[in-house]
Amino acid sequence: MIHRPQDNRAAASAAGTLYDRHPINADQILLTLQQDGKDLSTLSPSDLRPHDQDHYGGEAAVFQLAAAAGLRDGDRIIDICAGVGGPSRLLAEKFARARFLAFDLNGGRCRGARRLNALVGLDSRIDVVQGDAQRMPFAEGSLDIALSQEAFLHIPDKQAVLNEAARILRHGGRLGFTDLVAGAELDERDRAALETGMEMRTLQSVPDYMNKFRAAGLSLVSHDDLSAQWIDILTERLEWYRAMNTGTKQTLGEGVHERYMDAYEVFVGLVQAGRLGGGRFVLRKD
Ligand SMILES: C[S@@+](CC[C@H](N)C(=O)[O-])C[C@H]1O[C@@H](n2cnc3c(N)ncnc32)[C@H](O)[C@@H]1O
């Protein structure tokens, strides 16, 4: 049976709000490139890459996830919660016969992804579709590989997104995703701060996730604990975001970035303290 959540409109609009004031956006990327003296009419995907990957570990993390999921050239691939499309562009360049769906809830990010795809000539290979990952508008068994990075953390009903991924994958198809995982010490106050400041909700522990995979009809292929490497990556990312302050005043408005940074510092503190960790999971649809 296909799981249909009762009502996820509140979650949908909340996730949209955070990403309407997020420092990684197409305007910001293009402004930075112009300031670096790039001609926007001759951009290549590699020009975008230092700026368009909204997950932890950059390009290497995308390739590691794709390899762990067994992605092959010619596959039909969906990036669930694709952001401004950085991972899809990276993989589309490497796997020249693969077809991509970049799926995201946030309208601004979808428009940004389309604009960036067109600027680097990848718009015919990547379809950008806006919608909620808890109910995706794709046919049963229509895809080979589903990927997702640092995004399920926003989705209130984790069982729904896992059920949906299982539904749209063909038998033998794989879901590979990375996500925050709740440590044993993460308490209700931490969870409330993460939800208010970062729209991170219903964070799962590893055993919670394992139960939900089974309920979705997904078998575990591999699980890697990324917690230690994410401490270093997030500490660096915090510095990168701090350094973006001047440019974001122009693209987002006065004070917006500062408020985001306050919440981001709380989040990174919890990762540094080991109360939050990270995991890479690969599942097969039986
Ligand atoms: C941290 S970003 C990750 C973007 C992308 N995976 C990347 O690595 O560049 C999280 C993304 O999840 C999207 N998102 C949040 N809730 C969603 C939902 N219910 N359905 C689809 N996308 C969602 C947000 O709009 C945002 O673009």
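Modeller: Gladly! Two residues are in contact if their C-beta atoms, placed from the backbone, lie within 7 Å. By that rule, and leaving out residues up to four places away in sequence, Q53 touches G58, E59, G86 and P87. Keep in mind that this is a predicted model.

Biologist: Where is Q53, and why is Q53 called buried?

Modeller: Q53 sits in the loop between α3 (45-48) and α4 (58-68). A residue is buried if 20 or more other C-beta atoms lie within 10 Å of its own. Q53 has 22 within 10 Å, so Q53 is buried.

Biologist: How far apart are Q53 and A193?

Modeller: In sequence, 140 residues separate Q53 and A193, and in space the two are 25 Å apart, C-alpha to C-alpha.

Biologist: How do you know which residues surround the ligand?

Modeller: A residue is near a molecule if its C-beta atom lies within 6 Å of it. The ligand is surrounded by 23 residues, and the closest are D54, H55, C81, G83 and A133. They divide into 10 nonpolar, 8 polar and 5 charged. The largest share, 3 residues, comes from α1, while α1 (9-20) and α5 (86-94) each supply at least two.

Biologist: What makes A165 stand out in the largest nonpolar core?

Modeller: That core has 69 residues, and A165 is listed with I77 and A146 as having the most contacts inside it. Leaving aside neighbours within four places in sequence, A165 is in contact with I80, A146 and L175.

Conventions:
Residues numbered from 1 in each chain as written. Predicted model: local features only at pLDDT ≥ 70, side-chain atom pairs only at ≥ 80, totals over all residues. Helix = DSSP H or I, 4+ residues; strand = E, 2+ residues; numbered from the N terminus. Nonpolar A, V, L, I, M, F, W, Y, C, P; charged D, E, K, R; others polar. Core = buried A, V, L, I, M, F, W, Y, C linked by C-beta atoms within 7 Å. Buried ≥ 20, exposed ≤ 12 C-beta atoms within 10 Å, placed from the backbone.
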